[in-house]
Amino acid sequence: MPTQKSKVNWQEWTVSTFEKAKKEDKLILLDIYGSWCHWCHVMDKTSFSDPAIIKLLNEKFIPVRVDIDKRPDIRDRYNFGG
């Protein structure tokens, strides 16, 4: 039986996500993502597919992924040109 591949536990940008980070005393790792973005897909296939990185992100951070097409306000605030 094949084992299920571990994944980064991406969270939505919500008040409850930030409350969870505060309660667990963890930093937010913000990933500003575009489904059309070549480098975003490269990151998914390399860094965000590496078991050691996945483990680190899920244990030590609250990973938050924001689709910049759905949340241009966050893109404008945090994405300073790439």
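Predicted model: local features only at pLDDT ≥ 70, side-chain atom pairs only at ≥ 80, totals over all residues.

A salt bridge is taken here as a side-chain nitrogen of Lys or Arg lying within 4 Å of a carboxyl oxygen of Asp or Glu. By that definition, Asp76 forms a salt bridge with Arg75, and the closest N and O atoms of the pair are 3.0 Å apart. Asp76 counts as exposed because its relative accessibility is 52%, whereas Arg75, at 28%, counts as partly exposed; the cut-offs are under 20% relative accessible area for buried and over 50% for exposed, with partly exposed in between, using a 1.4 Å probe and protein chains only. Elsewhere, salt bridges that share partners join Asp31, Asp44 and Arg65 into one network.

Residues are numbered from 1 along each chain as its sequence is written, and side-chain values use heavy atoms, with hydrogens and water left out.

The chain contains 4 helices and 2 strands, and from the N terminus on its elements follow the order α-β-α-α-β-α. These elements are DSSP runs numbered from the N terminus, a helix being H or I over at least four residues and a strand being E over at least two. Taken along the principal axes, the C-alpha atoms fill a box of roughly 45 × 35 × 20 Å. Of the 82 residues in the chain, 24% are buried. Among contacts with a separation of 6 or more, 72% are between residues 24 or more positions apart, a contact meaning heavy atoms within 4.5 Å.

How many salt bridges does a search of the whole structure find? The search finds 6. One of them brings together the side chains of Asp31 and Arg65, at 2.7 Å from N to O. This pair links distant parts of the chain, since Asp31 is in strand β1 (residues 27-33) and Arg65 is in strand β2 (residues 61-67), 34 residues apart. Asp31 counts as buried because its relative accessibility is 12%. Another salt bridge joins Glu59 to Lys55, with the closest N and O atoms 3.4 Å apart; because Glu59 and Lys55 are 4 residues apart in helix α3, about one helical turn separates them. Glu59 is partly exposed, with a relative accessible area of 43%.

Helix α3 (residues 51-60) also holds Leu57, and Leu57 counts as buried because its relative accessibility is 6%. Leaving aside neighbours within four places in sequence, Leu57 is in contact with Val8, Leu29, Phe48 and Pro63. The C-alpha atoms of Leu57 and Leu27 are separated by 10.0 Å, and the two residues are 30 residues apart along the chain.

In soluble globular proteins, nonpolar side chains tend to be buried together. Here the largest nonpolar core has 5 residues, namely Ala21, Ile62, Val64, Val66 and Ile74, where such a core is a set of buried Ala, Val, Leu, Ile, Met, Phe, Trp, Tyr and Cys residues joined through side-chain atoms within 4.5 Å. Strand β2 gives the most to this core, with 3 residues. Not counting residues up to four places away in sequence, Val66 touches Trp13, Leu30, Asp31, Ile32, Tyr33, Arg71 and Ile74.
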